[in-house]
Amino acid sequence: MKEQKTAIVWFRQDLRLHDNEAIHDALKHGDDVLYMYVFDRRWFEEETKYGFRKTGVHRAKFIIESVHDLRQSLRAMGADLVVRVGLPEEEIYDVADQIKSSWVFCNRERTQEETEVQDDLEESLWRIGQELRYSRGKMLYYTSDLPFPVTHTPDVFTHFRKEVERYIQVRPPLPTPSDTIGARLDDLQVGTIPTLADLGYEEPEEEPRAALHFVGGESAVLERLSHYLWDTDAAKTYKETRNGLIGADYSTKFSAWLAQGCISPKRIYHELKKYEGERGSNKSTYWIFFELLWRDFFRLMAKKYGNTIFFKGGPKEDIDRSWRDDYKLLQKWIDGKTGVPFIDANMEEIRRTGFMSNRGRQNVASFLVKDLKVNWQMGAEYFESVLVDYDVASNWGNWNYVAGVGSDPRENRYFNILKQAYNYDPKGDYVKLWLPQLKALPPDLVHRPHVMGKDQQDKYGVHLGGNYPHPIMNAKKWKR
């Protein structure tokens, strides 16, 4: 009689059923398949080097919602999701040893903290005669399809884009399995999905000003994809609106779901191509593809340069000696107390919602690094903690880019914050949304309250050093 073999699918940042290679591989090899997710307590309990909680409350909430959605989807297909809280390399090993499985299938990660976990698990499984098998799915392109090895990836995005666009087709996404084989659990407990309180968080307040109320899970993002493309035709104007600051549809907002793998970049791409086929293509639809290419580029840079993306000098090994670990300035930046309205409004939004527009991120990062001369690593770690859409390669790659320590050829990238504010928030609507104490200011003053004398301050009810701070640097250097 043939021995029944069991495979385990270990979900990591691939919390979906569609286009999930690990599931397909497990179904191909195993007679039974057990599905498992582990809340790695290190991500919820530990702090970064500069004292930030590794996972902020908004992302923790999003992850919990995503796991709930995944469990519901598996149950609808006759399977279940085993959930544990602990160390994945221990929890998965214990289950594998208990059920005497043959393989564990998972998505391969490439940065140090994640690779250490998978390496430890692989070593433990090997000792009991089991195998850890890796799958793909984080990127638009498979590295095996690229026209160059990872170590020869062009350091300039434009060069990278031209190479892959010219030669490579995006593979179609793998389908959602029509029926899912569920392993017999016998005495194995499926486990309870933890609440925010279980993980040591307080429930965040509902923020009515949020650009979008992100809800984790594959179901939510497939609805978002349909909404952005088919229901609203927002894709047709993406290039023109992508630098917006207020509202749900100025940009795709797919990033949080991409970061947790609730949706595959290939799924977005092929839905976009279908949309173009039926409703027409233009620069805006291309630009959505362009943004997916940036994600691939940053991930390949992380693979190519390894831990140097986290170092102060970055891949260039070029440290600006003026950067300092100034906790006082950093805290004013975090609290939105810099006295520069466009910066403070963006920092208030990210603190309360875990999200900020791409335009805002570039400005606040430039301000911290170039104007305040604070070590860029401190800002990158704060973003790592607070962002609902934190992706290790994209976050650190973007901060490398702004700080000028990455592979970008442009030197001394600098944002004139006042000019940026009037370009993208000409009437001050965004600033007034997040800084209501400035709502009485006319457009000419809303981004530069520091020029007001006492009479104007009294007239508009904005008192520098009172209900709004003086600038913490020389704001008069900026010209509109």
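Predicted model: local features only at pLDDT ≥ 70, side-chain atom pairs only at ≥ 80, totals over all residues.
Close-up 1. Buried means under 20% relative accessible area, with a 1.4 Å probe and protein chains only. Helices (H or I, at least four residues) and strands (E, at least two) are DSSP runs numbered from the N terminus.

Residues are numbered from 1 along each chain as its sequence is written. Local features need pLDDT of at least 70 and side-chain atom pairs pLDDT 80 or more, while totals for chains, interfaces and linings use all residues; side-chain values use heavy atoms, without hydrogens and water.

**Close-up 2. The surroundings of Phe11.** Phe11 touches Arg16, Asn20, Ile23, Tyr35, Met36, Tyr37, Leu70, Leu74 and Leu81, leaving out residues up to four places away in sequence. Contact means heavy atoms within 4.5 Å.

**Close-up 3. Helix H1 and the strands beside its buried residues.** Helix H1 spans residues 21-29, and Glu21, Ala22, Ile23, Asp25 and Ala26 are buried in it. An α-helix has 3.6 residues a turn, so residues three or four places apart point the same way. The buried residues of H1 pack against strands E1 (6-11), E2 (32-40), E4 (103-107) and E5 (131-135). At the start of H1, a side-chain oxygen of Asn20 comes to within 3.2 Å of the backbone nitrogen of Ala22.

**Close-up 4. The largest cavity.** The structure holds five cavities of 30 Å³ or more. The largest has about 490 Å³ of space. It is lined by 27 residues, and Arg12, Gln13, Trp43, Glu114 and Gln260 are the closest to its centre. E1, E2, helix H2 (41-45), helix H3 (57-76) and H5 each give two or more residues to this lining. E2 gives the largest share, four residues. By class, the lining has 13 nonpolar, three polar and 11 charged residues. On a 1 Å grid over the protein atoms alone, a cavity is a set of points where a 1.4 Å probe fits but cannot get out; lining residues have an atom within 4 Å of a point. Grid points are joined across faces, edges and corners, and a volume is the space filled by probe spheres set on the points. Ala, Val, Leu, Ile, Met, Phe, Trp, Tyr, Cys and Pro count as nonpolar, Asp, Glu, Lys and Arg as charged, and the others, Gly among them, as polar.

**Close-up 5. The second largest cavity.** This cavity has about 80 Å³ of space. Its lining includes Gly339, Phe342, His447, His450 and Trp478. Helix H13 (341-353) and helix H17 (417-424) each give two or more residues. H17 has the largest share, three residues. Eight lining residues are nonpolar, three are polar and none is charged.

**Close-up 6. Thr252 in its loop.** Thr252 sits between helix H8 (238-241) and helix H9 (255-259). Thr252 counts as buried because its relative accessibility is 13%. Beyond its neighbours within four places in sequence, Thr252 contacts Arg224, Tyr228, Tyr238 and Ile288.

How values were computed. Buried < 20%, exposed > 50% of the residue type's maximum accessible area, 1.4 Å probe, protein only. Polar contact = N/O pair within 3.5 Å; in protein donor to acceptor, adjacent residues only side chain to side chain. 1 Å grid on protein atoms, 1.4 Å probe; cavity = no way out; pocket = protein on both sides within 12 Å on 5 of 7 lines; lining within 4 Å.
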